[in-house]
Amino acid sequence: MTTISAVMLAVAVMATGCKKADDPSMGPAQEAGKAVDNAGAEVRQETREAAAATEQAAERAGQNVEQAAERTGEKMREAGAEVRQESREAAAEVREGADKATDATGRALERAGEKMQDGK
């Protein structure tokens with residue numbers, strides 16, 4: 001016997017055992033059946049309300065997840081743009097450093113060439 005069935009049976013017993021029948025044509029079994037039906041209707045209503053509350057909570061959670069994903073996506077786009085900019089700057093610095101190294105190497109070779117000519 002499930003918990004709900006046991007509760008409904010207990011409600012039915014209490015409802016029929018403690019008072020005189022409202023309707024004299026209704027026997028104890030009918031009273032118990034009516035109490036079970038009423039308890040069942042109440043459980044169904046509470047279940048519907050709980051399901052609606054759960055659905056609303058799930059909807060809110062879904063919206064929160066979507067908003068978090070949007071914020072994360074935006075942050076990732078911003079980070080990507082920042083990385084691209086820093087990469088461009090680093091590449092420019094490497095080119096500048098390479099140009100300076102090439103210039104220094106060229107000057108050193110030029111001086112070495114001059115010294116070789118002077119030594120002749």
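Helices here are DSSP runs of H or I with at least four residues, strands are runs of E with at least two, and both are numbered from the N terminus. Before going on, note that this is a predicted model, in which local features need pLDDT of at least 70 and side-chain atom pairs count only at pLDDT 80 or more, while totals for chains, interfaces and linings use all residues. Residues are numbered from 1 along each chain as its sequence is written, and side-chain values use heavy atoms, with hydrogens and water left out.

Back to E78. With a relative accessibility of 47%, E78 counts as partly exposed. The terms are these: buried is under 20% relative accessible area, exposed is over 50%, and partly exposed is in between, with a 1.4 Å probe and protein chains only.

E78 also belongs to a negative surface patch, together with E82, E86, E89 and E93. A patch takes residues with over 30% relative accessible area and no salt bridge; like charges are joined within 9 Å, and nonpolar side chains within 5 Å. Asp and Glu count as negative, Lys and Arg as positive.

Now the helix itself. How far apart are the end C-alpha atoms of α2? They are 131 Å apart. The helix has 91 residues, 28–118, and at 1.5 Å a residue it should span 135 Å, so the two values agree. The expected span is 1.5 Å times one less than the number of residues.

Of its 120 residues, 6% count as buried. Within α2, the buried residues are E31, A35, A39, G40 and G73.

Next, salt bridges. A salt bridge means a side-chain nitrogen of Lys or Arg within 4 Å of a carboxyl oxygen of Asp or Glu. By that rule there are two.

One joins R77 and E74, with the closest N and O atoms 3.0 Å apart. These residues are three apart in α2, so about one helical turn separates them. R77 is exposed at 52%, and E74 is partly exposed at 35%.

The other joins E96 and K100, at 3.3 Å from N to O. Here the spacing is four residues in α2, again about one helical turn. E96 is partly exposed at 46%, whereas K100 is exposed at 54%.

Note on methods: Accessible areas come from the Shrake-Rupley method with a 1.4 Å probe; for residues, only the protein chains shown count as cover. The place of a charge is taken as NZ of Lys, CZ of Arg, CG of Asp or CD of Glu.
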